[in-house]
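User: I would like to go through this model and ask, for each term you use, what it rests on. Please set each value against its definition before you conclude.

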Amino acid sequence: MIRIQKNREMCKLPLTLLIVWTCFLIGFPYVKARFVVETNSLSVTSPDSIKGQYTSAIGNFGVPDYGGTLAGTIAYSTENAFACSEFGSTDKFKSRPGGQPVIVVVDRGGCYFALKVWNAQKAGAAAVLVADDREEPLITMDSPTEDTVAADFLDNITIPSALIEKSLGDKLKKAIGNNEMVSCKLDWRESVPHPDERVEYEFWTSSNDECGVRCQTQTEFVKNFKGAAQILEKGGYTLFTPHYITWFCPEAFLTTRQCKSQCINNGRYCHPDPEQDFDSGYDGKDVVLQNLREICVYKIANETLARPWLWWDFVTDFQIRCPMSQKQYNQDCAEQVIASLGLEVQKIRDCMGDPEADSDNQILKAEQEAQVGKGSRGDVTMLPTLVVNNVQYRGKLDRGAVLKAICSGFEEEREPAICLSPGCEGKYNSLQGNLC
């Protein structure tokens, strides 16, 4: 996802490589990075003294309720205002029978945003509002660095969260302190625009499978979402485009070992070393080439067979048959998968071009240009990133959550059957033609 903090992948690199890779990011050949904060509407319905419409910034983790609303009462704990520790009770914020869901306000600071939400969720909260501790424009709450501690709870956050301005947080806390009943409604219905009957979405990813938790998450998502994606695409409900981030090597570093091992086309298209070790395993340029191959699979499958959804088959099969861990991440293995899907290997090779040429590769050049933000979408700088109708998706990279976000992009009453199936669990029913 797009992050405002440093690229985590970059932060793990050896110092010598970090210096070079920082130059790649600083030397991005276009404009200064532009970040867009996705928002949802927040209506305070009581008390009358603070009743009104406000804006909140959707968190970059958990499960935003795209296309839906949530009405509830506001709670605030002065004993655990920062929510950096557990609340001591699994039902502290659990709604009572007949009562509204509880939306918990917590203060910013002291620990990760996601940890605050996790602690509130364990105490029964239906949603969390993090009150900013400074007067500033809203920012996107990021997920923490993927250390082992964060991995224990990040994937288990299932409630939505949002950052609110300090002024609103102060009003909510003051009203609660005066023993007033505070109610509000969160509204995600306009978070994803729905201009027509077709949803267009992009998935920015990478074939690299040696980057820890983030790579595992991407792999699982592609495998689990494949069925839904292909149903939507075959039915003409969506227009899906895969994308891949590449960087370039500044001219001053073209002859360095780092650039030669991580780049193709004389430093024009680069990727960090998968193992962060120049002396073993695969090089960054191996990833660039496989990423390019996957783009060409999509392109050729679309242009020659009118079956762009074969990209999902190729990527999932390649992940299974050609992993880095088994030393199968190579051209021969990839081309075996290509042939098994009925695609012509030579057409894929022709599409990829010559990686040794000191000239632009038009496919990868287009990818670099696509990274630059347009309209309501900011620059794409982090993997994975999902963009729906030119708005960046915020939340967990999970089949159900992403499907809900895509479905919210359809005009009301024009959703395909897959978006209306209750209890959807990811099993394909060939008779009904949907996932249910």
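User: Which residues is Glu210 in contact with, leaving aside its neighbours within four places in sequence?

Analyst: Glu210 is in contact with Cys215, Pro274, Met324 and Ser325 once neighbours within four places in sequence are set aside, and contact here means heavy atoms within 4.5 Å. This is a predicted model, in which local features need pLDDT of at least 70 and side-chain atom pairs count only at pLDDT 80 or more, while totals for chains, interfaces and linings use all residues. Residues are numbered from 1 along each chain as its sequence is written, and side-chain values use heavy atoms, with hydrogens and water left out.

User: How far apart are Glu210 and Met324, along the chain and between their C-alpha atoms?

Analyst: They are 114 residues apart along the chain, yet their C-alpha atoms are separated by 7.2 Å. Glu210 belongs to the loop between β8 and α6 (213-234), where helices (H or I, at least four residues) and strands (E, at least two) are DSSP runs numbered from the N terminus.

User: Why is Glu210 called partly exposed?

Analyst: Buried means under 20% relative accessible area and exposed over 50%, with partly exposed in between (1.4 Å probe, protein chains only). Glu210 has a relative accessible area of 32%, so the term is partly exposed.

User: What relative accessible area does Asn179 have, and what is said of its phi?

Analyst: Asn179 has a relative accessible area of 75% and is therefore exposed, as the cut-off is over 50%. Its phi is positive, about 60°, although the residue is not a glycine, and it is found in the loop between α5 (166-177) and β7 (183-187). Asn390, in the loop between β12 and β13, likewise has a positive phi, of about 65°, without being a glycine, but its relative accessible area is 30%, which makes it partly exposed.

User: What makes such values worth noting, and which peptide bond is cis?

Analyst: Most residues other than glycine have a negative phi, and most peptide bonds are trans. The bond from Ser46 to Pro47 is cis, with omega near 0°, and Pro47 is found in the loop between β1 (39-46) and β2 (52-58).

User: How do you know that β4 is largely enclosed?

Analyst: In β4 (residues 102-107), 6 of the 6 residues are buried, so the strand is largely enclosed by the rest of the structure. Both faces are covered, with Val102, Val104 and Val106 buried on one side and Ile103, Val105 and Asp107 on the other.

User: What makes β4 a partner of β3 and of β5?

Analyst: Two strands pair if DSSP finds at least two bridges between them. β3 (residues 69-76) and β4 have 4 bridges in the parallel sense, and β4 and β5 (residues 127-131) have 5, also parallel, so both meet the criterion. In β4, Val102 is the bridge partner of Thr73, and Asp107 stands opposite Ala131 in β5.

User: Why are β9 and β13 said to stand at the edges?

Analyst: The open sheet of 4 strands has the order β9-β8-β12-β13, with mixed pairing. β9 and β13 (391-392) each have a single partner strand, so one side of each is left without a neighbour in the sheet. Further in, 4 bridges join β8 to β12 (residues 385-388), and these two run antiparallel; Trp204 stands opposite Thr385 in β12.

User: What is called the largest nonpolar core, and how many residues has it?

Analyst: A nonpolar core is a set of buried Ala, Val, Leu, Ile, Met, Phe, Trp, Tyr and Cys residues joined through side-chain atoms within 4.5 Å. The largest has 82 residues, and those with the most contacts inside it include Tyr201, Phe225 and Ile406. α8 gives the most to this core, with 9 residues. Phe225 touches Tyr201, Trp312, Arg399, Val402, Leu403 and Ile406, not counting residues up to four places away in sequence.

User: How do you know on which side of α12 its buried residues lie?

Analyst: In α12 (residues 362-370), Ile363, Leu364, Glu367, Gln368 and Ala370 are buried. They cover an arc of only 160° around the axis, which puts them on the same side of α12; the arc is that of the directions from the helix axis to the C-beta atoms.
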